[in-house]
Amino acid sequence: MDAMRSAIVPTFPRSLYLETTNRCDSTCHTCIRTFMSLEPPKDLTLAELTQIVEQFPVLERVVLHGVGEPLLNRELFAMVAYLKAKGAVVLFNSNAISLTPQRALQLIGSDLDEYRLSMDAATRGTYQRIRGVDQFDRVVKNVRGLIDLQRRLRQKTPRVSLWFTAMKANIEELPAFIRLAKEIGVPEVYAQRLVFYGQGLAVEAQSLHGALHQREEELIGETERLAAMLEIAFTASGATTPLTSLKGQDWAKRPWAGCQRPWTVSYITAKGNVLPCCLSPSTAQDYRGLILGNALTEEFGMIWNGRRYQAFREAFDTDAPPDPCRSCGLLWSF
């Protein structure tokens, strides 16, 4: 077993996930939200976000998403502007269903750094199967509108990318996904692994991680060559190549051990509940036991080095890690 890290962290995290809403206009068959309600419907308010952020001496990066669709929060753009004034890099994932021309203009005007579109398919049928709604054509139209508006305004931000959760249900569409990005005008495509927890399409039978066959490896190679030809940046989450990410690595018997998140990052839900990371709601068997405090009713400093966070870090560095980490780790998550 590796040497245990200190359970007390003297400095606040400089990277923060803030769930701006837990409401959504998709019912993705890979999302925990589709199958269970972890918390009552709630939008984080600008006042609540300010209350939380003002406690952090430095925030270098703020991610404004969780299990909901950020564009449904009416104060989202004011939140982005506030955080940018604080000097943070700000980004979020979105499904773009509600990315109207007016919202696209607000998105550009808010000075958002990065807009990540989770799409997962290159055809209407596969999109509906995975995302749970028949909105493929609308999403393509909305994102094309955002790119066209950026060009007309000569604005380089937000940086726009398409995201593809690779699984058996959609891997055949990966080359077409690159062509779609080129057609829309999006310069970056990311492949990410499926986080499976046993419901919908989020099941081990759909996972490609560590289970690639010759056909799937050939598809990835074909996609890489096509992306190079079309001048589309094609990579994987975690700053690696799609093939390396999906092939996986041998992390022995403790796949979670390389993770630094309990010491460097916090995730705060729209209800203010503090969780160790954004993956934990999907991988935890006991959601209530996962909560480390509430940032809307307690000082963050008291939570960050409080009893529950210390116990979480201590358990993390043992052979019996906390609940969500047992079924997570670098073997098959991000």
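These legends describe close-up views of a predicted model. Local features need pLDDT of at least 70, side-chain atom pairs count only at pLDDT 80 or more, and totals for chains, interfaces and linings use all residues. Residues are numbered from 1 along each chain as its sequence is written, and side-chain values use heavy atoms, without hydrogens and water.

**View 1. The open sheet has nine strands.** Their order is S7-S6-S5-S4-S3-S2-S1-S8-S9, with mixed pairing. Strands are DSSP E runs of at least two residues, helices are H or I runs of at least four, and both are numbered from the N terminus. Two strands pair if DSSP finds at least two bridges between them. S7 (233-236) and S9 (274-275) stand at the edges with a single partner strand each, so one side of each lacks a neighbour in the sheet.

**View 2. S4 pairs with S5 (residues 159-166) in the parallel sense.** Five bridges link the two strands. Glu114 stands opposite Arg159 in S5.

**View 3. Helix H5 (residues 124-131) has four named buried residues: Thr126, Tyr127, Ile130 and Arg131.** Buried means under 20% relative accessible area, exposed over 50%, partly exposed in between (1.4 Å probe, protein chains only). Their cover includes strand S4 (114-118) and helix H6 (136-153). Just after H5, Gly132 takes a positive phi of about 80 degrees.

**View 4. Gln206 lies in the loop between strand S6 (188-193) and helix H8 (214-230).** Gln206 counts as buried, at 12% relative accessibility. Its side chain reaches the backbone nitrogen of Ala169 at 2.8 Å. Beyond neighbours within four places in sequence, Gln206 is in contact (heavy atoms within 4.5 Å) with residues including Arg129, Met167 and Leu201.

Technical notes: Polar contact = N/O pair within 3.5 Å; in protein donor to acceptor, adjacent residues only side chain to side chain.
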